[in-house]
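Student: I've got this model open and would like to work through it with you. Can we take it one question at a time?

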Amino acid sequence: MKFTLSWLKAHLETNASLDEIQYALTDLGLEVEGVENPAEKLKDFVIGKVLSAEKHPEADRLKVCQVDYGEGASQIICGAPNARAGITVVVARPGVYVPGIDTTIGVGKIRGIESHGMMASERELELSDEHTGIIELPEGELGQTFPEWLAQHDPSKVDPVIEIAITPNRPDALGVRGIARDLAARGLGKMVPRDCDPVPGTFPCPVSVTIENDTLDVAPVFYGRVIRGVRNGPSPQWLQGLLRAIGLRPISFLVDVTNYFTYDRNRPLHVFDADKIAGNALRLYRAKGGETLVGLDEKEYSFGEGMVIIGDDNGPESIAGVMGGLATGVTEETTNVFVEAAYFDPVRTAYTGRGLRINSDARYRFERGIDPNWTPVGLEHATRMILDHAGGEPSDVVVAGAIPDVSRAYKLDSDRVQSLVGMTIPAEDQRATLEALGFTLEGDMAHVPSWRPDVLGEADLVEEVARVASLTKLQGKPLPRPSAGVPKPVQTLRQRRQAMARRTAAALGYNECVSYSFIDQEAAILFGGGSDATALENPISSEMSHMRPALLPGLMRAAARNQARGFLDLSLFEVGPAFHGGGPEEQVTEVAGLLVGRTEPKDVHGASRQVDVFDVKADAEAILSAIGAPSKVQILRGGQGWWHPGRHGQICLGPKKVLGVFGELHPKVVSAMDLKGPVMAFTLWPEEIPAPRKSSATRPALTLRDLQPVERDFAFVVDANVEALALTNAAAGADKGLITEVRVFDEFIGGALGEGKKSLAITVRMQPTDKTLTEQEIEAVAAKIVAKVEKATGGVLRG
């Protein structure tokens with residue numbers, strides 16, 4: 001929305017500066033997108049007088065002029081035919097930039113004679129296309145700046161143009177008067193009365209108007225009248241200047257009047273050549289589909305079913321609310337016009353404009369909502385303006401339909417400004433603000449003006465009050481604490497564990513991935529999913545058809561894409577949900593990591609090696625430790641089918657309490673996911689970790705033992721299929737209070753042991769608490785260990 005400062009001041013009596021107006025507009029929600037100030041580019045040009053003008057000795061068309069612009073006579077060479085002594089001119093001194101020719105004036109020689117400046121034409125100053133001669137002013141003070149002179153004698157030439165952004169909920173601001181109303185409510189001035197008395201008709205309107213019954217819901221009212229004997233032609237200079245300033249091309253006075261009211265009052269109008277209306281009758285009806293019309297832009301449009309047509313006996317003559325037709329448009333020969341002011345449904349207008357691909361000022365305003373009550377008033381204003389400038393004789397007003405009732409009222413609760421916005425505004429100020437915006441107050445009920453379709457509730461009244469009072473005055477206040485002292489942590493235990501898992505994985509050198517929760521069915525089946533319970537009803541693509549049953553498929557896809565691009569050594573992790581069904585209870589949070597390639601780049605020391613199971617085991621244990629898992633866990637087999645059957649382990653607190661899985665992924669799964677293996681991975685379930693018994697942030701006291709621990713080594717011969725974990729668990733259970741650690745340090749197969757046997761050597765660490773262990777006590781514990789292992793595994797001490 002563009003308008004000039006003088007146009008605004010025609011509605012608003014104000015002494016506010018341009019900067020104050022810009023700030024207020026943006027603060028009111030009408031954001032200023034730009035200001036074009038013509039005076040800015042003319043500020044260095046000054047008024048001068050030609051003292052003498054002699055013919056150039058070396059050129060017939062050049063003159064050597066002596067020009068005084070307040071600093072004594074200066075010599076300027078000029079080729080304009082009207083350059084002569086005694087005229088008042090506009091001078092560009094050396095160093096001044098001339099916008100029309102994109103040149104900075106300097107001191108130079110023209111045919112051997114120095115020239116100190118230039119006398120400018122209108123085109124060189126971008127004031128018009130006139131360039132047959134230099135500017136001649138009727139008078140002027142020597143040395144006065146040209147913008148100051150224009151402000152006194154021709155202010156439209158230096159009138160700033162303001163452009164603001166209009167949100168869809170503020171159609172009233174699509175008229176200059178609506179903008180002025182907001183500024184007046186802010187206190188930047190007073191509204192200038194611009195009322196117009198109704199113009200009485202002198203003869204019955206010869207053109208009749210009807211609206212079909214099935215069209216009244218989208219075209220409820222239509223006003224019009226004939227004005228005969230008008231003189232159409234160029235508009236007055238002030239009107240042409242306003243339209244040019246906002247980027248519109250003056251066409252003719254009758255057309256320019258409609259454009260003027262479109263921007264001045266947000267009131268689109270249309271003028272028909274009354275002599276071209278066939279049958280002297282206009283009818284508003286819905287299109288059946290297939291009708292055609294050549295618009296004012298000389299393009300042919302084909303109507304779709306349901307679009308609203310204004311037609312005569314010859315067929316369609318106008319696209320209701322969007323564009324007029326070329327056949328009945330006014331020309332310079334038009335002497336009798338029919339002026340239309342109507343109201344059209346915003347939604348229907350938007351559909352019509354979109355269907356025909358027409359963007360017009362009328363459509364832009366109708367589809368946002370204009371003031372229906374101003375329909376007859378707008379017709380009277382346009383009639384008065386036409387009579388004052390083009391003459392003519394008006395007919396009576398013809399009316400079809402009725403103005404839609406948009407009246408509504410809401411209760412003004414002055415206390416809600418505090419509760420909704422947080423501002424303290426006195427009740428009398430709130431009422432004054434709403435009245436300044438056009439609301440009518442009856443007690444505590446505020447009646448909404450017809451030009452504000454966006455006000456639809458009590459909260460909107462509060463918004464208007466706060467907007468005019470300025471939200472910049474809103475002061476931030478901290479929320480009151482529910483209890484005194486240090487506030488409790490905001491994050492839940494689950495959230496803290498997820499954050500710590502991310503931080504620990506990143507510290508271990510992993511890169512975090514964030515992948516879609518949707519994967520293809522083939523990948524989902526590989527990881528135990530892909531059923532109808534996790535299928536999407538409306539998938540984005542075939543590659544995102546199912547909810548992921550685990551995080552590993554996404555990590556493997558990311559690794560495959562990186563491998564395809566030459567990145568072979570990867571450490572990736574993700575924290576997020578996995579889905580085993582469609583219900584909320586079937587969603588679990590996982591922490592998954594993936595290693596592939598080598599531990600580090602190759603070097604001369606040979607430290608680089610392929611990643612293995614123990615790398616992911618160490619990382620998984622580090623993350624579990626960081627998020628609060630118990631230190632004593634069991635490593636059991638029995639993982640899902642996508643793990644390598646002999647190279648994985650489940651981290652458990654018991655046979656049924658699984659905290660995570662680590663190991664090598666099955667080669668078939670790796671191949672199916674287009675990865676080059678081997679691939680090591682882990683999956684952890686933070687929600688399976690028991691919550692701490694104490695929620696205190698302080699650490700427990702450190703317990704140190706002053707007695708020396710005792711270690712004893714044992715070697716057991718067991719069957720080859722016995723797991724080392726079963727042996728160490730049996731040994732640790734011999735005396736849980738005394739034995740603190742059991743670890744395997746050797747395995748031997750073959751030799752004298754025989755077929756199907758192996759030897760496992762373990763170290764048992766015993767930590768006394770109250771006294772040093774005697775030899776007899778140590779031997780007693782050793783005997784318990786041997787007995788426990790023999791009972792649990794069938795193993796015997798190796799001789």
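Predicted model: local features only at pLDDT ≥ 70, side-chain atom pairs only at ≥ 80, totals over all residues.

Student: Which residues do ring pairs link into a cluster?
Tutor: Pairing goes by ring centres lying within 6.5 Å. Ring pairs of that kind join up into a cluster here, and its members are W7, W238, Y260 and F261.

Student: How many aromatic pairs does the structure hold?
Tutor: The same cut-off of 6.5 Å between ring centres applies. Going by it, the number of aromatic pairs in the structure is ten.

Student: Are F344 and F366 stacked or edge-to-face?
Tutor: Their ring centres are 5.3 Å apart, and the planes meet at 70°. Planes over 60 degrees apart count as edge-to-face. So the F344 and F366 pair is edge-to-face.

Student: How many residues apart are F344 and F366, and where is each one?
Tutor: F344 sits in the loop between β24 (336-343) and α8 (346-356), while F366 belongs to helix α9 (residues 361-366). The pair links distant parts of the chain, with the two residues 22 residues apart.

Student: Is F344 buried or exposed, and what about F366?
Tutor: Buried means under 20% relative accessible area. F344 has 2%, and F366 has 3%. Because those values fall under the cut-off, F344 is buried and F366 is also buried.

Student: Is the pair of F714 and F716 stacked or edge-to-face?
Tutor: The centre-to-centre distance is 6.1 Å, with 15° between the planes. Both residues, F714 and F716, are buried. Planes under 30 degrees apart count as stacked, so the F714 and F716 pair is stacked.

Student: Is P193 buried or exposed?
Tutor: You'll find P193 in the loop between β14 (190-191) and β15 (208-211). Its relative accessibility is 68%. Exposed means over 50%, so P193 counts as exposed.

Student: What separates the C-alpha atoms of P193 and A10?
Tutor: Along the chain, P193 and A10 are 183 residues apart.

Student: Zooming out, what radius of gyration does the protein have?
Tutor: A compact globule of 799 residues would come out near 28 Å. The C-alpha trace here spans about 130 × 80 × 60 Å along its principal axes. The radius of gyration of the protein is 44 Å.

Methods
Residues numbered from 1 in each chain as written. Heavy atoms only, no water. Rg over C-alpha atoms; globule rule 2.2 N^0.38 Å. Phe/Tyr/Trp six-rings, centres within 6.5 Å; stacked < 30°, edge-to-face > 60°. Helix = DSSP H or I, 4+ residues; strand = E, 2+ residues; numbered from the N terminus. Buried < 20%, exposed > 50% of the residue type's maximum accessible area, 1.4 Å probe, protein only.
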